[in-house]
Amino acid sequence: MQVDRSCVVSSACLLLLFSTLSSRVSEVGGTHQSIPPSVVKLWASAFGGEMKSISAKYSGSQLLQKKYKEFERAVRVEEIDGLRLVKRLAEDMEEMFHKKAQAMKRLVEAAEEAHLQHEEDPDLQYEYFNAVLINEVDDVGNSVELGGEFLLQPNDHFNNLSVNLSLSVVQVPTNMYNKDSAIVNGVFWSEALNKVFVDNFERDPSLIWQYFGSAKGFFRQYPGIKWKPDEHGVIAFDCRNRKWYIQAATSPKDVVILVDVSGSMKGLRLTIARQTVSSILDTLGDDDFFNIIAYNEELHYVEPCLNGTLVQADVTNKDHFREHLNKLFAQGIGMLDIALTEAFNLLGEFNETGRGSECSQAIMLVTDGAVDTYDAIFAKYNWPDRKVRIFPYLIGRESAFADNLKWMACANKGYFTQISTLADVQENVMEYLHVLSRPKVIDQEHDTVWTEAYIDNTMEDGQGPVLMTTVAMPVFSTKNETRNRGILLGVVGTDVPVSELLKTIPKYKLGIHGYAFAITNNGYILTHPDLRPLYGDGKKRRKPNYSSVDLSEVEWEDKDDTLRNAMVNRKTGTFSMEVKKSVDKGKRVLVLHNDYYYTDIKGTPFSLGVALSRGHGKYFFRGNVTVEEGLHDLEHPDVALADEWTYCNTDEHPEHRYLSQIEAIKLYLNGHEPHLQCDKELIQEVLFDAVVTAPLEAYWTSLVLNKSENSDKGVEIAYLGTRTGLSRINLFVVPDELTNQDFLTAEDREGVFNADHFPLWYKRAAEQVPGTFVYSLPFNSGSENKSVVLASTAIQLLDERKSPIAAAVGIQMKLEFFQKKFWTASRQCAALDGKCSISCDEENINCYLIDNNGFVLVAEDYTLTGKFFGEAERAVMSKLLQMGSFKRVTLYDYQALCWVFSESSDSGHTLLDPYFAFFSAVKWILTELVIFLVEFNLCSWWYSDLTAKAQRIGRTMQVPCDTEYPAFVSERTIKENLGNVDCDGCIKSFVIQQIPSSNLFMVVVDNKCDCSMFEPITMDPIEIMYNESLKCERLKMQKDRRRPDTCHPFHPEENSMECGGTVGLTPSLVATLVCILLSLFPR
């Protein structure tokens, strides 16, 4: 039937005129509403229709939806069995971890055999490759001693660092002598490890650094690499204070540190004591518990809140105690008997609670003397079992009380050391570790240990430093004559990048919002997409507590720790909860319902979890095409695969490392590489997606050819991504003319497929109503000429709720183009005479376009673009929240950083003034030589101008904190609304109208009133402040943890008589005279 188009237009105009008139009548009838909703609706409809037409046309969304529909009968939809999936992943990880542990076992066997065959030679001379000295020459061009020519070549497996894959190098700490007899002997016999290093790497080419840390202090590393000292010529690295070494060498322990703060400890002695305690804290790990008690005639818990208990030795607790150490001051008389009694009672009572390590126990005594042996106390609390070891540290050069302290150590299976200077601290503190390792050595128990996640700066990838875990095993002396001495030779280890774990996880099986995560036996995160270990300042600096972020701090909606505790206790099961996931740099929120599946990774202290979001996230589909047609379409130039997804394992063999994933898939499917391991299921699905999406290439090409004939010059890019990580990109402008150069590149981390997440535009599109577009302004798009708008939509496989999302498509357009379309639409009106009742051009009317999270995309004031609407129109946003058009969602960040004002020492002049530096150095040397200065505490006088001249200046710095912040979400069921706001008697009216087929809203506001009395509604985070009692409770609070499976506290065959020694020193007459003469000089 033929219809007269002019009739249709006239009817529509009459209808709109009637609605306009009726709205005006209602306004006269007593409301304050001056903005006709019908006009706003007209504008919204015009803009929505125009933008959907452009977005659908250039993205090709309708064509792609049609293509997937054509294959609907050929695909099979499956519900993902989360429990089965997590168990399979755990098995894959167990196998990977087992391979690393086996490599370490081979190193242990080789090291112990080499040491068994070696006879110690105090006069041994042996030239080895020193990591610092290799390839160094003297003034005449000859290789320096312990240097020599060492071939180094860049290797992409080691982040393009120059390495030697045939040999290892040896690093010796700066404070140790390179040619010390014990070191030379150890280096000599450990040369046998070179061939095992090489063999391990050939067996498992995914291995990176392998190493042996000796109990003597040297560190053998493979592959060989040159080490460079810092700007002061120092290499502070000592393998013996690394967590992997300490964990492997000793068993978990409960430690009470007693610090003498009597009057005799004033001056340098107290400084050395503080450093000694700090060094002891460095040797404690997450499986250990401790407390520090200062004593004189009274007991002073360093943290009074923790009176009578021990706390876990995590980074946060240790740093907290270090801050309190600076508040110690010396006065009064030292009553050691009271302190020892308190320490024994504390250890006994805490052990009975079952909350500690339930393994080794020790008392560390830091003092400048003891007037008695206190055998009555030891007889009462520790004999005959001697379960608590005593480790006395005698501070200062005075040896009068050394015998008493050594007796305590020998009578209680401990070790005595004397610390005279700050330089002596670290080496002497380390001695206790070798004593605690004796029972393990005598038992010959080569326990495999795994560390928590830590950052290795040498292995940076494109996104910054890489998270690692280390597998380590102890190496023992197996010589019969040393059996009861329990001699620890050292520890072997290898680093495992956490990214290796992620490679075993099939991201395509987890869905758009799904993810895998792993935690340690202490509940700390090994890997999780929400872990943020670095400061956000672009400098790639580590946060101080990045390695001890608890699962409850990222899955914070689980208030009862149900999920966390089940995983810590190595259970297998499921858990469900509603979660609020912040995205887009924390500015937006997605409210999802997640199902969690978890199990343990056998042979490790780790547990694995998988989160799947309900709805489309629980379903997966399988398509089927021939290899020939799939390969044909996969090789198109516009096709790319997710960089961090593993379609084929190209790291397994060196010859595959230079292959792209598409090249590897081609070799695999053609059968040319039998050793190439690939994910057959993923490859089949990516071939299917390549075939289904191939028609878009021709479609986009035709648009490019015809683009000159139309006016849509603002569209720059069309893009698509599929569930298998396949993406296609088409440019409608030449690359140099792109407004946002970073979009869809590695620089735009949230905008591309990653190992642990789908692109942001894909995730947001998946949560929209099917057929609608999500429009957003990227927060990193920068200044005006860089601004763009993204429009994306999801492609569903089936027309039902359980349908998997097959793909997402979208376009990037210029913001200027987008805004012009908005202003054009807002100038339309329904009046027959062409005179509009209102206009966005009017001075007393403000028009905005905001998205479903309340961010402004279009405003007359361009500076508001990208800002939160609550900052622009505080009164209106307040009313919208009150009316339910928007709702506030409270989020928490337990990895936040807050700015605080801190005082710091301005001692830069000491580095800049050569005279001052020289005089300071001379003073330091003389102070070391002049013994009586130390003994009579005159050093405080001597050091005064090294400290008094350090002026205090203030600066701001970032520190870890907890914050609360809001996000805002529109209510989907409310499409339109209008309201009035009373601003001190002046009525401000507004209308909000959803833009059809989008996530956008038009807001038209009457701006005649001054509503500045309303508080701005911002998204600024607020620090959660804890009062003193709450801080104390948080310190005391101990979450569930699982102890390591093995414990070696003592052994009946242990020879406890090797318990330390002392060196007597007598000041020379010359030194004394020099001191007296120097004291006469003007200061």
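**Entry 1: backbone exceptions**

I started with Pro-223 and placed it in the loop between β6 (219–222) and α7 (243–249). I take helices as DSSP runs of H or I with at least four residues and strands as E runs of at least two, numbered from the N terminus. The peptide bond that joins Tyr-222 and Pro-223 is cis, with omega about -5°. This is a predicted model, in which local features need pLDDT of at least 70 and side-chain atom pairs count only at pLDDT 80 or more, while totals for chains, interfaces and linings use all residues. Residues are numbered from 1 along each chain as its sequence is written, and side-chain values use heavy atoms, with hydrogens and water left out.

I looked up a cis bond between Trp-383 and Pro-384 as well; its omega is about 5°. Pro-384 sits in the loop between α11 (375–381) and β12 (388–395). I also noted Asn-135, which is not a glycine but has a positive phi of about 60°. Asn-135 lies in the loop between α4 (82–117) and β2 (153–155). Most residues other than glycine have a negative phi, and most peptide bonds are trans.

**Entry 2: helix α8 and its partners**

I compared the axes of α8 (residues 268–282) and α13 (residues 425–436): they come within 9 Å and cross at roughly 45°. Axes are lines fitted to C-alpha atoms, for helices over the stretch in contact, and angles run from 0 to 180 degrees between N-to-C directions. α8 and α13 are therefore oblique to each other (under 35 degrees is roughly parallel, over 145 roughly antiparallel, 65 to 115 roughly perpendicular, the rest oblique).

Which residues of α8 meet α13? I found Ile-272, Gln-275, Thr-276, Ser-279 and Ile-280, against Val-425, Val-429 and Tyr-432 in α13. Contact means heavy atoms within 4.5 Å. The residues of this contact of α8 with α13 are five nonpolar, three polar and no charged (Ala, Val, Leu, Ile, Met, Phe, Trp, Tyr, Cys and Pro count as nonpolar, Asp, Glu, Lys and Arg as charged, the others, Gly among them, as polar).

I then turned to α9 (residues 315–325), whose axis comes within 11 Å of that of α8 and crosses it at roughly 175°. That makes α8 roughly antiparallel to α9. Arg-274, Val-277, Ser-278, Leu-281 and Asp-282 of α8 meet Lys-318, Phe-321, Arg-322 and Leu-325 of α9. I count this contact of α8 with α9 as four nonpolar, one polar and four charged residues.

**Entry 3: a six-stranded sheet**

I traced an open sheet of six strands in the order β24-β26-β25-β29-β28-β27, with antiparallel pairing. Two strands pair if DSSP finds at least two bridges between them. β24 (639–641) and β27 (774–776) are the edge strands, each pairing on one side only. Three bridges join β24 to β26 (residues 726–731), and Leu-641 has Leu-726 in β26 as its bridge partner.

I noted helix α2 (residues 37–59) lying across β25 (715–722), β27, β28 (788–796) and β29 (805–814), at about 115° to β29. Helix α3 (residues 61–70) packs on the sheet and touches β25, β28 and β29; its direction makes about 20° with that of β28.

**Entry 4: disulfides**

How many disulfides does the structure hold? I found eight, a disulfide being a pair of cysteine sulfur atoms within 2.5 Å. One of them joins Cys-305 to Cys-1032, S to S 1.9 Å. The torsion about the S-S bond of Cys-305 and Cys-1032 is about 95°, so this disulfide is right-handed. Cys-305 is in the loop between β9 (299–301) and β10 (311–312) and Cys-1032 in helix α31 (residues 1028–1036), so I logged them as 727 residues apart, a link between distant parts of the chain.
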